[in-house]
Amino acid sequence: MSDSTFNQPKAYTLHLDDDLLELTKKKLELARFPEEQSDISDDDWSQGAKVKEIKRLAQYWANGYDWRAEEVPLYLSTLLLRRLTPFQARINAEFNQFKVTVDVPGYGPQTLHYAHQTSSRPDALPLLFVQGWPGSFLEARKIIQPLTNPPDSSTQAFHVIVPSIPGFGPGDPPAKSGFGPMLTAGAFKILMADVLGYKQFVTQGGDWGSMITRSMAMQFPEHVRACHHNFFPCGPPPWYKAPLTMARLMLSPYLYSVREMDSIKKMQYYQKEQNGYLKVQGTRPQSLGFGLGDSPIGLLGWLVEKFHEWMDVANYQMPDDEILTFVMMHWMQGATPGLRYYKMAFAEEGEFSTKKAFTRYFNVPTGLSHFPKEISLSPYDWVAWVANEQFRREHDRGGHFAAVECPELLVQDLRDWFSSDVVRSAMQG
């Protein structure tokens, strides 16, 4: 591949073939379902996704859900954005999408899908928003407009860039192994600095996006000037380096705050009840992919259970169309690329690998938002060993998918943190 083919963005419109949509409908109609055991109540998700709920969603997927309405042709964009709510504004109407091939050091050519929404404000900050699994770039759909077009000139504005992790949604899957968060970080740096010309920018990450943007901050601090996370997993420091931190952990029932004690309980529950997917996807993703990539019911059940367990369902219920559109983002790729990302992440080696990101300190100014139903919340003094935390805000609602569940809270946190004197100084450095 010649150098002239790299870093040349081309406009992209999301469109799925009729053949895939017809095949999906046939598979939904032929599906078999498990039976619930008689002593398991309707609100007991301890065995996984509820049969009644998956049957209901499958019936709607086959007979009511309209993917074509989700796409919406570009010529309707202006009309739609004036009339529809953030979720109703459909994909091609809401996102300016592109694809570009970049030459990733240590890997080679990789085509990236991304959305790029610019603000009319001359003081707007470039913001890279990176999602995770089982999400997609659509996690930004409720926040992209308020971030690019704030209500008044005193509120921080952003140019928002939302790349797809390769293999997620419309993102081209890597053709060979090894493409985990460390290489994704390098690819997204090229996208921001070389393709789009943003030599300095800020980042927001959740789920894998947190690990990717942490890796970016470690590898490219001259470009990543400040970062924000709504998910920030990390372990305790070694006892010999931080004896007081370890003593505090041992005496946590007496010394931890209510939130910190809750974070320990959440981590213990996650390790006991919720991380089975992590073991399978991190070891044999392709074997799992034969089932989830061929069965829309299988994929629906696998993802709906995550949405239910990881969201603050007492305060937010995903609409059926939103659930199915999120599932479609992985169904269109046959599910396997998203599953495989876990194995690629855990196989990384080197000082900027995913394993190192859990324990390695980085000095880029960092802001954190804590949502109570997040799957993992680390105690404050653990975070201090790996991040230059300068902003923290705790909320009383929300879970793992903050941009979906409570977008107004996340938007306000991003505005407040990235307009702070700390970030302004960092951007001038």
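**Backbone exceptions and pockets in a predicted model**

Pro-134 sits in the loop that runs between β4 (125-130) and α6 (144-148). Numbering starts from 1 along each chain as its sequence is written, and side-chain values use heavy atoms, with hydrogens and water left out. Helices (H or I, at least four residues) and strands (E, at least two) are DSSP runs, numbered from the N terminus.

**Backbone**

- Most residues other than glycine have a negative phi, and most peptide bonds are trans.
- Asn-7 is not a glycine, yet has a positive phi of about 60°.
- Asn-7 lies in the segment before β1 (10-12).
- Asn-7 is partly exposed, at a relative accessible area of 27%; buried means under 20%, exposed over 50%, and partly exposed in between (1.4 Å probe, protein chains only).
- Ala-335 also has a positive phi, near 70°.
- Ala-335 falls in the loop between α15 (320-331) and α16 (336-346).
- Ala-335 is buried, with a relative accessible area of 2%.

**Largest pocket**

- The largest pocket holds about 720 Å³ of space.
- Its lining has 35 residues, and the closest to the centre are Gln-47, Gly-48, Ala-49, Gly-301 and Glu-305.
- A pocket is an open set of points on a 1 Å grid over the protein atoms alone, where a 1.4 Å probe fits, with protein on both sides within 12 Å along at least five of seven lines; lining residues have an atom within 4 Å of a point.
- Grid points are joined across faces, edges and corners, and a volume is the space filled by probe spheres set on the points.
- At least two lining residues each come from α2 (51-63), α11 (258-274), α12 (276-281) and α14 (296-310).
- α14 supplies the largest share of this lining, nine residues.
- The lining of the largest pocket has 15 nonpolar, nine polar and 11 charged residues.
- Ala, Val, Leu, Ile, Met, Phe, Trp, Tyr, Cys and Pro count as nonpolar, Asp, Glu, Lys and Arg as charged, and the others, Gly among them, as polar.

**Second largest pocket**

- The second largest pocket holds about 490 Å³ of space.
- Of its 20 lining residues, Phe-231, Pro-233, Tyr-270, Leu-278 and Phe-358 are the closest to the centre.
- α8 (208-219), α11, α12 and α16 give two or more residues to this lining.
- α11 gives the most, with three residues.
- The class count for the second largest pocket is 15 nonpolar, four polar and one charged.

Note on methods:
This is a predicted model: local features need pLDDT of at least 70, side-chain atom pairs count only at pLDDT 80 or more; totals for chains, interfaces and linings use all residues.
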